[in-house]
Amino acid sequence: MSQNLAEKIIAGHLVSGEMVPGKRIGLNIDQILTQDATGTMVYLQFEAIGINRIKVPLMVSYVDHNTLQAGPENAEDHRYLQTAASKYGAMFCRPAAGICHQVQLERFAAPGMTLIGSDSHTPNAGAVGSLAFGSGGLEIAATMAGRPYFLPMPKVVEVVLSGSPAKWICGKDIVLELLRRLSVKGGVGRVFEFSGTGLAHLGISDRAAICNQGVELGATSLIFPADERTRAYFEKQGRAGQFKALSADPGAKYDDRIEIDISSLEPMIARPSSPDNVVPVRSEAGTPVRQVCVGGCCNSSVEDLTIVAKMLEGKKVHPDVSLTVSPGSKQVLSMVEKSGVLGKLVRSGARILETACGPCIGMGQSPARGAVSIRTMNRNFPSRSGTIGDKVYLASPYTAAAAALTGRIVHPGDLGMSQPVVGEPEKYELDDTILLKPSAEGIAVNVERGPNIIPLPPFDRLPDGISGEVLIVVGDNITTDGILPGDAKALPFRSNIPKISEFTFCKIDPTFHERAKKAGGGFIVAGQNYGQGSSREHAAIVVRYFGIRVVFAKSFARIHRSNLIAQGVIPLVVEDEKFHSMLEMGARIVIHGAVESIRNGSNLKIEIPEKGISHECALSLEKDEREIILAGGLLNKIRADLAGC
Ligand code: MIC
Ligand code: SF4
């Protein structure tokens with residue numbers, strides 16, 4: 001039977017379950033990546049499982065988020081990660097030698113591979129035909145220990161790109177167009193697979209931007225076939241041997257189909273503060289701009305930086321604008337240095353930052369209050385830049401450069417300059433000294449643990465009776481940035497749960513932390529798509545740390561739902577609008593017989609005694625998910641399984 005590309009890769013890695021959309025499947029994983037902000041917890045959890053060596057063929061540990069080092073915490077985490085990688089068998093990419101997704105693409109991702117990463121933008125590797133998933137840290141740790149990776153079998157949507165890009169159009173505008181059409185919920189439970197005549201015009205840089213930012217659709221993954229453009233990329237990266245042509249079978253079936261004629265697109269921009277708030281650049285023309293940030297893991301390639309440099313060449317950044325450039329990797333930095341692109345950027349007045357996440361996650365460069373910031377990055381969730389009430393827009397390198405020159409939002413074609421012609425590099429510069437191999441003698445390596453590495457808090461089994469007050473009620477599309485910010489103040493404490501828990505919901509309700517701590521338990525009530533965005537499992541760990549065992553929502557984002565389950569928290573879908581509206585702030589809720597209900601998969605009875613209300617909610621949990629919740633979390637479950645009980 002003919003298969004589409006995603007089905008082919010899934011079928012080749014399937015270890016359990018049926019390939020029926022929505023059914024839980026278990027996959028063999030070829031590659032794992034972690035980054036520092038989630039990675040310390042992954043390794044702590046791996047250590048808590050108690051296995052000596054990573055059981056997946058390739059694992060790489062990156063350090064790209066916490067590179068500001070405004071205190072000793074980050075450097076301590078880096079040492080922990082380096083020594084742990086060496087001991088347990090992972091490659092270690094030196095701090096700020098590149099952003100995980102860019103380096104993985106350059107050096108490791110390959111057609112037909114499965115990849116999981118403790119970062120939501122891991123599907124970036126779909127640009128070269130890998131089927132890649134962002135995941136919570138504990139599920140990564142479990143896979144490192146030899147467990148398959150579980151997820152609901154996705155639907156596969158064919159995205160047919162036809163034509164050749166219109167003037168001033170690149171991959172960024174294509175993914176913004178998808179976000180405009182489908183919204184941040186439009187990709188939930190779906191893999192987007194690209195095809196069509198337009199592919200011949202899209203290099204790996206454009207494909208990566210699409211796969212990377214396409215995650216903001218809520219998508220499970222995104223993937224391009226491995227074609228002649230991919231072959232050329234592998235040859236230039238000195239990895240011809242790792243290339244194999246891979247595409248859907250003729251006549252393959254899809255669950256849905258979307259068509260985009262890329263020759264009819266115009267430059268797009270996402271307005272504050274959601275990546276799907278997309279409009280044509282022209283409709284925002286004239287808006288004054290104070291900051292432009294190019295780079296991050298999306299649109300930070302040699303091509304992207306060359307576009308910006310060519311548009312700025314011989315000119316100066318507008319006096320009211322601060323332009324920052326964060327190259328995606330040392331390979332990119334080194335190549336733009338050699339080609340003269342870096343010099344052009346420097347002479348135009350750009351501020352060159354590290355090859356790290358930087359402004360994208362509020363690690364420095366927070367804009368002034370009220371200032372408009374245009375970024376080539378992938379997310380503009382509220383306050384993510386580190387400035388409360390920020391005004392961050394997302395756009396292509398062309399549009400970003402145009403704003404840097406003029407100090408306002410402008411369609412780049414309206415500047416009266418000709419579009420720079422930028423092709424793919426003839427050859428990539430290779431320097432794998434940024435990658436440190438693990439010790440062959442893991443046993444001899446001493447893992448360095450600075451005082452910022454706080455052991456994981458132990459979590460107990462699910463109690464039978466759960467009661468408490470509703471501690472917070474939030475609306476639709478709450479991001480994990482909203483639950484637990486990722487800025488320069490909070491990020492250094494990713495290895496310290498008691499400390500980072502103080503930041504929970506701090507940008508939505510600064511009183512939450514004190515109230516939750518005092519209550520020692522309670523409930524969270526949310527709307528649709530709760531927990532969208534990043535993969536940070538800390539947004540689930542802190543909830544459990546406060547003793548919260550149930551989160552009520554109209555629907556959950558995939559990764560956050562899994563993270564809650566992994567921490568032993570019940571993600572309870574409330575379908576009844578009337579009952580949902582009764583879950584008010586401060587309402588006292590009582591649940592009896594939770595253990596039996598979770599064990600049998602029967603409805604959970606929720607009571608609001610003061611209102612005389614009793615309501616039953618169906619559990620949308622698979623059997624092994626219920627077992628994880630009963631055990632009080634995945635870590636407890638794995639340990640019990642290993643101990644044979
Ligand atoms: C992000 O882009 O939000 C992050 C920071 O990379 C996160 C991971 C994290 O919070 O550490 C992600 O996307 O998963
Ligand atoms: Fe880093 Fe931003 Fe990419 Fe997340 S989205 S990995 S913070 S650059």
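Biologist: Which residue lies over the face of F493?

Modeller: Keep in mind that this is a predicted model. A charge counts as over a ring if NZ of Lys or CZ of Arg is within 6 Å of the ring centre. At 5.5 Å from the centre of the F493 ring, the residue over its face is K499.

Biologist: How are the rings of F46 and Y88 arranged, stacked or edge-to-face?

Modeller: A search of the whole structure turns up 13 aromatic pairs. In the pair F46 and Y88, the ring centres are 5.4 Å apart and the planes sit at 75 degrees. Planes over 60 degrees apart meet the cut-off, so this pair is edge-to-face.

Biologist: How many residues apart are F46 and Y88?

Modeller: F46 belongs to helix 2 (residues 36-49), while Y88 is in helix 3 (residues 72-88). The pair links distant parts of the chain, and the separation is 42 residues.

Biologist: What about F505 and F512, stacked or edge-to-face?

Modeller: Both F505 and F512 are buried. Their ring centres lie 4.9 Å apart with the planes at 70 degrees, so the pair is edge-to-face.

Biologist: Which residue meets E448 in a salt bridge?

Modeller: E448 sits in the loop between strand 20 (435-436) and strand 21 (466-473), and its partner is in helix 3, 369 residues apart. E448 is partly exposed, with a relative accessible area of 32%. The N to O distance is 2.8 Å, and the partner is R79.

Biologist: Which residues are linked with R561 in a network of salt bridges?

Modeller: R561, in helix 17 (residues 558-566), pairs with E625 in helix 20 (residues 623-631). The N to O distance for that pair is 3.0 Å, and R561 and E625 are both buried. Besides R561, the network holds R24, D624 and E625.

Biologist: At what relative accessibility does E627 count as partly exposed?

Modeller: E627 and K637 form a salt bridge at 3.8 Å, N to O. K637 is in helix 21 (residues 634-642) and E627 in helix 20, so the bridge ties together parts ten residues apart in sequence. K637 counts as buried at 17% relative accessibility. For E627, the value is 30%.

Conventions:
Residues numbered from 1 in each chain as written. Chains lettered and ligands numbered in written order. Predicted model: local features only at pLDDT ≥ 70, side-chain atom pairs only at ≥ 80, totals over all residues. Heavy atoms only, no water. Phe/Tyr/Trp six-rings, centres within 6.5 Å; stacked < 30°, edge-to-face > 60°. Helix = DSSP H or I, 4+ residues; strand = E, 2+ residues; numbered from the N terminus. Buried < 20%, exposed > 50% of the residue type's maximum accessible area, 1.4 Å probe, protein only. Lys NZ or Arg CZ within 6 Å of the ring centre and 35° of its normal. Salt bridge = Lys/Arg side-chain N within 4 Å of Asp/Glu carboxyl O.
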